[in-house]
Amino acid sequence: MNRIAVGVVLLALFAWSTRSFADVDKPGNYKTWPKPGARLSVRYTVEKSLTADPGLIAALRRAINEWTTLLGFVDFVDVTGQKPLPKDYISFEPGADCKATRGFLGGAHVIYLRGCNREWAAMAHEIGHTLGLPHEHQRPSRDGFVTINRLALNDLGKTQVLELIELSSLRKKRHDLLSVMHYALEQRGLTKNGEVVMFLDDEGKRFLKARKKSEDDIRTAINEPTACDVVALKHLYGMPTQDGECFQP
Ligand SMILES: [Zn+2]
């Protein structure tokens, strides 16, 4: 019995001290899109059935335009209907979700849009994933800013919220509660009984107050891309940046 008790304690210490997280920067595990020159060209197609929803298309155009303007080094090129299609591209499709894979995989990178509820920021979030950004609330930097309501999470919530993910190129990035890659505090479908996904902590409150924002601004909706989201993507793609407050010295 003693031995069992010691084993449990050791396991608990191990879990507490390792704080390991997936580093998707590892070659073969995760890639950014190939950028042979100074600019990154990302081709995309839009499935025809989506064009019957003008609100959705308008939101998608805005998401693409906003990233284009903010980043300054990425060209999104519409190749819908082109034959043959380029080797690598984003395929915007209806699906039931608002979902993308993370990073460059080669071939067609499907982004499902129907579940984005015609919100351009949600679409910008998915494009952010495809370009390589992880969830901001899954970075270890979340400590002190939010506490995850871990016991309430369902299986999807565990992989999309609880699991820690960090990229070596973002390791020094300060936490950004207003990032387009940060989930809202309340998000249906991630908890078992509709509980909140995470609670705002003191540092998070100070962060919002300093930016004249309140808890309500992160309660239910994903925010627009921030200046620090742009800096993060520039780091991923080796572009020169003015880090400002986005990265710790
Ligand atoms: Zn996401």
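Modeller: A residue is called buried if 20 or more other C-beta atoms lie within 10 Å of its own, exposed if 12 or fewer do, and partly exposed in between, with the C-beta atoms placed from the backbone. The model is predicted, so local features need pLDDT of at least 70 and side-chain atom pairs count only at pLDDT 80 or more, while totals for chains, interfaces and linings use all residues. Residues are numbered from 1 along each chain as its sequence is written.

Colleague: Why does Val-74 count as buried?

Modeller: Val-74 is buried because 20 other C-beta atoms lie within 10 Å. Val-74 belongs to strand β3, residues 74-78, where helices (H or I, at least four residues) and strands (E, at least two) are DSSP runs, numbered from the N terminus.

Colleague: Which residues is Val-74 in contact with, leaving aside its neighbours within four places in sequence?

Modeller: Two residues are in contact if their C-beta atoms, placed from the backbone, lie within 7 Å. With those neighbours left aside, Val-74 is in contact with Leu-40, Val-42, Trp-67 and Thr-68. The C-alpha atoms of Val-74 and Val-42, which are 32 residues apart along the chain, are separated by 7.1 Å.

Colleague: How should I read a helix, and which residues of helix α6 are buried?

Modeller: An α-helix has 3.6 residues a turn, so residues three or four places apart point the same way. In helix α6, residues 227-236, the buried residues are Cys-228, Asp-229, Val-231, Ala-232 and Leu-233, and these pack against α2 (54-71) and α3 (120-131).
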